[in-house]
Amino acid sequence: MNICVCMKQVPDTNEIKVDPETHTLVRKGVPSIVNPFDTYAQEVGVRLKEQLGGKLIVISMGPEQAKEAIKSCLAVGADNGYLISSRNFGGSDTLATSYILSEAIKAVEEKEGLKFDLILCGKQATDGDTAQVGPEIAEHLDLPQITYALDIVEKDGEIQVKREYDAGYDMISTRLPAVVTVVKLPYEPRYPTIKSKMAAKKKEIPVLTEEDIPSIKLELCGLNGSPTRVKKTYTPVREKSGVKLAGMEAADAANEVVKLLEEAKLL
Amino acid sequence: MSNLNDYKNIWVFIETECGKAKNVGYELLNVAKPLADQKGCPLVAVVIGKDIEGVAKDAICYGADSAIIVDGPEYEYYTTDAFTKAMVTLVEKYKPETLMIGATNNGRDMGPRVSCRLQTGLTADCTGIDIDEETGNIAWTRPTFGGNLMATIMCPEHRPQMGTVRPGVFKKGAYEEGRTGEIIKEDIHVAPEEIRTTLVERVSEIAEAVNLEEAEIIVSGGRGVGSAENFGLLEDLAAELGATLGCSRAVVDAGWMPHAHQVGQSGKTVAPKLYFAIGISGAIQHLAGISGSDTVIAVNKDEDAPIFDVADYGIVGNLNEVVPALTAAFKARKA
């Protein structure tokens, strides 16, 4: 089974702080990581590859710096990685991003001399939080999709996907090729070894620009290809200041909170 | 792109399953109603499903001026292919100016598929919807960076303007018995071979579906609860309040609760009136899922836990003592 993992390098949102004076995000010095949901996509992909054979290729659209994130995927089981990068791709919304990625996937298939059976994405990136790029890639490539996957198994040349559902999960099958977006797995992604890290570090990461993706239409990339525009951004202001009860007997504290809730007409 | 002025009306997609509507569709009617009034255009409910005429009538009672329904056995359960085809066919025929979809798993599965096929813009998981005074475009506001940043997004030159909207953020309007409107039936059918996914089975891991997204009160536990057995304390409190049980990711990872109860970035996004965070430290991924809560009550033994920064009421203490005390206090209030 040949697998493509679409990965995004994101700022570690655990480390993001809001400047109390300017109310803007402080991004300086914030470390970049592989989008956590993409690490699940990568892990389930590697397990399928180990079980069934084939190649796992990771692609990422972003600046030069995203090569680091690609290398961390190579260190945990990806065979090759490609960075999709060009000035013309900057400013893309999800429609343009998914278009570029879908065209890049075709170009990578050419370069690698294979066809992908499965395209995996994390359910969403933790910076944009849209969860749109995966389904839009599926649409551009006219493939079936299953979103919110909790696990993927292969069965008789098809896949069965556990899809998140209110009371448990739906088991959904689809033929291949297909696109699956992953929300969580029953196991944790593996860690790299020193040896695998060293090998990944040495590996060349080819950069694909529009010149390497012959079929791409530039008018569908970047700002030109993006129907949405960001009008403004702001950091949410917390209007409420909380009441914190410390050092009280449990019963007293509980009664006090119930009384406060009642006074605030919240019950 | 054809003339933008050809596109009229505001549409709300009413998600159904087995003929039953999800609340979020009705919530969206309530938020879209004043926008439609402001624009002087009709508000149209779009229902795709099986045996849904009753839902269409309800949608009108919840404020829609008319409804378009697509009824068929292939729509009993959601599939990407069937629902996308039906919705795209409707949009191409009627040309709505705006299309709102509830940001449920299925809504967020279908939305990007539809917008991409139509080559228009879609704004994900919105928590605010207004009309931009200058341009008359819809201004969609949504949290990004796990809720650390809000962005207002517009789709100026493509139609329809599409957005998925977070469940529970807006309240349903009043049900006006006897309110009438036209119900248009559209005959759109999807051949079985066009539907490329198959629902093999639905596995319920718990007796009753956990409807965290629509819950008014949630009692949620974190790693601090300590064990699966100890969730009994939270169950007692939840039973007293008629609340739904939630939990943090650590609890699911530890195997104490099934994933269906998980709140946060890799679980459900919730918007209850009261959210009890018990033994939850307040990692940003968890906070991202509870930012729509009206009131947060936190219990934690660590005075510096980040959950207290977002809590309206906090108790620093041992949850093994505080939670039963809360249960008793709520019980006493009722007596």
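The model is predicted, so local features need pLDDT of at least 70 and side-chain atom pairs count only at pLDDT 80 or more, while totals for chains, interfaces and linings use all residues. Residues are numbered from 1 along each chain as its sequence is written, and chains are lettered from A and ligands numbered from 1 in the order in which they are written.

Chain B contains nine helices and 17 strands (DSSP runs, numbered from the N terminus: H or I of at least four residues for helices, E of at least two for strands). Its radius of gyration, taken over C-alpha atoms, is 21 Å, close to the 20 Å from the globule rule (2.2 Å times the number of residues to the power 0.38) for 335 residues, so chain B is as compact as a globular protein of that length. Along the principal axes, the C-alpha atoms of chain B fill a box of roughly 65 × 45 × 40 Å. Of its 335 residues, 57% are buried (20 or more other C-beta atoms within 10 Å of the residue's own, with C-beta atoms placed from the backbone).

In chain A, helix H3(A) (residues 94-112) packs against helix H4(A) (residues 133-140) at an angle of about 55°, with the axes 8 Å apart (axes are lines fitted to C-alpha atoms over the stretch in contact, and angles run from 0 to 180 degrees between N-to-C directions). The contact (C-beta atoms, placed from the backbone, within 7 Å) includes Leu95(A) and Tyr99(A) of H3(A), and Ile137(A) and His140(A) of H4(A).

Technical notes. Buried ≥ 20, exposed ≤ 12 C-beta atoms within 10 Å, placed from the backbone. Contact = placed C-beta atoms within 7 Å.
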